[in-house]
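Trainee: I would like to learn how to read helices and pockets in a model. Where do we start?

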Amino acid sequence: MRPQLRSELLKQRSNPTSRGLLLGMLGLVLFAIALHGVGLAPEHLDSRPEQLMVFGRGEFLGALFAALLGALSVTSEFRHGTIRPTLLTTPRRGRVVAAKVVVSILSGAVFGLAASALAVGAGAAALGPRDIDLQLDGGDIALLVAGSSAAGALWAAIGVGVGAVVRNQVPAVVGIAAWLLFVEGVLAGDALDLDVSKYAPGAAAEALSGQDPGTLLAPALGALVLAVYAGGSVAAAWWATDRRDVV
């Protein structure tokens, strides 16, 4: 198992796409925090829930880019044909899947941590010049950062599952982005107003940081729900890799 882990770590470190995703994520976090922190009126930024919502944009983007990273760790191999020598070197395909999941989880946690830390720092910097007091205490910030790291890790595992099942890079990336950016918003919107929308994977990820407790799940329950999604995705990745032919 160690050779597979070292191989996957090398692939992630040496792949310019991974670095590009990280830099793109950080740039979007800064843009989103600046847009909210400067654009919103002070009366919409002076309470704890509202500040959590703004700072939580970092967690959302961290989960999104972690999922994309997990999906690309699989689909890139199919796109460039490197999946064949990978599986020839390690005929026990379950080990390949396990290595990709473990490394993607670690990388996803880093993405989530970086996104939330930047969001907190940039958010506090944006509020200060506007004479808006920071309403979040140390516990809120710790939960936000820890929840974002956990959400990034679990969404990276989900991304691996999506990538292994879909295999084609474009549909996998578009599907993940569409789900988080559009579909879950529709499910939770006033048009449908589905109470079960809080059990969706994106909403469960937001719950990990304590956002909107009146609507979303409690952090512990959100973590459990998201872990179930991640576990199902890992099982799907194992099945798709072990049972389907590599073409």
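Mentor: Start with a length check on H2: at 1.5 Å a residue, its 24 residues should span 34 Å, and the end C-alpha atoms lie 33 Å apart, which agrees. The expected span is 1.5 Å times one less than the number of residues. Helices are DSSP runs (H or I, at least four residues), numbered from the N terminus. The model is predicted, with local features needing pLDDT of at least 70 and side-chain atom pairs 80 or more, while totals for chains, interfaces and linings use all residues. Residues are numbered from 1 along each chain, and side-chain values use heavy atoms, without hydrogens or water.

Trainee: Which residues of H2 are buried, and what do they pack against?

Mentor: Buried means under 20% relative accessible area (1.4 Å probe, protein chains only). In H2 these are Ser18, Leu21, Met25, Val29, Ala32, Ile33 and Gly37. They pack against H1, H3 and helix H5 (93–127).

Trainee: What does Asn15 do at the start of H2?

Mentor: A side-chain oxygen of Asn15 comes to within 3.0 Å of the backbone nitrogen of Thr17.

Trainee: Which residues lie nearest the centre of the second largest pocket?

Mentor: A pocket is an open set of points on a 1 Å grid where a 1.4 Å probe fits, with protein on both sides within 12 Å along at least five of seven lines; lining residues have an atom within 4 Å of a point. Here 17 residues line the second largest pocket, and Asn15, Leu72, Ser73, Ser76 and Glu77 lie nearest its centre. H3 gives the most to this lining, with seven residues.

Note on methods:
Helices (H or I, at least four residues) and strands (E, at least two) are DSSP runs, numbered from the N terminus. Buried means under 20% relative accessible area, exposed over 50%, partly exposed in between (1.4 Å probe, protein chains only). Contact means heavy atoms within 4.5 Å. A polar contact is a pair of N or O atoms within 3.5 Å; within protein, one must be able to donate a hydrogen and the other to accept it, and residues adjacent in sequence count only if both atoms are side-chain atoms.
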